[in-house]
Amino acid sequence: MSKVLVLNASYEPLNVTNWRRAVVLMLKGKAEQIEHNGKYVYPELPLPTVIRLRHYVRVPYKEIPLTRRNILYRDSHSCQYCGYTGDDLTLDHVIPRSRHGGDSWENIVTACVRCNVKKGNRTPKEANMILRHQPRRPYSSLHFEVAKQVKGGVHQEWRKYVIGV
Ligand SMILES: [Zn+2]
């Protein structure tokens, strides 16, 4: 069923909820509609796709675990050196572990087996291999979810409220 992006009073994205909860927030006067999709749930109440809370809420930053799955997802399941997408994907330490490169969002990227072997124990510069994107920590778990929806072709209208999707 249709999902709704909830913005904080400051217009920062807060979370994703279902349309029923969003409608309840609106009916209670706790949120206002920012975007709708033109379908009607009740007369004079178009189905919201983006709402904004009237009062600002504070949220602590939620850490996203550094896992193989999350790194592959961040890198769109593609080799960050040659762009290959397929099953033979590995994780590469940009600065090799043997050279004191750590386990971090900034130092681990998705690489195909070929590129990983070719790069070996070298830095990208030494191996003359250029990273397609500078690896970075994802903004938030919400950002992950929003990016997934937008990349999946739904909720294009969310794009303008979230940086970098
Ligand atoms: Zn590759």
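Reader: Why is valine 24 called exposed?

Author: A residue counts as exposed if 12 or fewer other C-beta atoms, placed from the backbone, lie within 10 Å of its own, as buried at 20 or more, and as partly exposed in between. Valine 24 has 12 such atoms within 10 Å, so valine 24 is exposed. This is a predicted model, in which local features need pLDDT of at least 70 and side-chain atom pairs count only at pLDDT 80 or more, while totals for chains, interfaces and linings use all residues. Residues are numbered from 1 along each chain as its sequence is written.

Reader: In which helix is valine 24 found?

Author: Valine 24 belongs to helix α1, residues 19-27. Helices are DSSP runs of H or I with at least four residues, strands are runs of E with at least two, and both are numbered from the N terminus.

Reader: What is the strand order of the open sheet?

Author: The four strands are ordered β2-β1-β4-β3, with mixed pairing.

Reader: Why do β2 and β3 stand at the edges?

Author: β2 (13-18) and β3 (31-42) each have a single partner strand, so one side of each is left without a neighbour in the sheet.

Technical notes:
Pairing = 2+ DSSP bridges.
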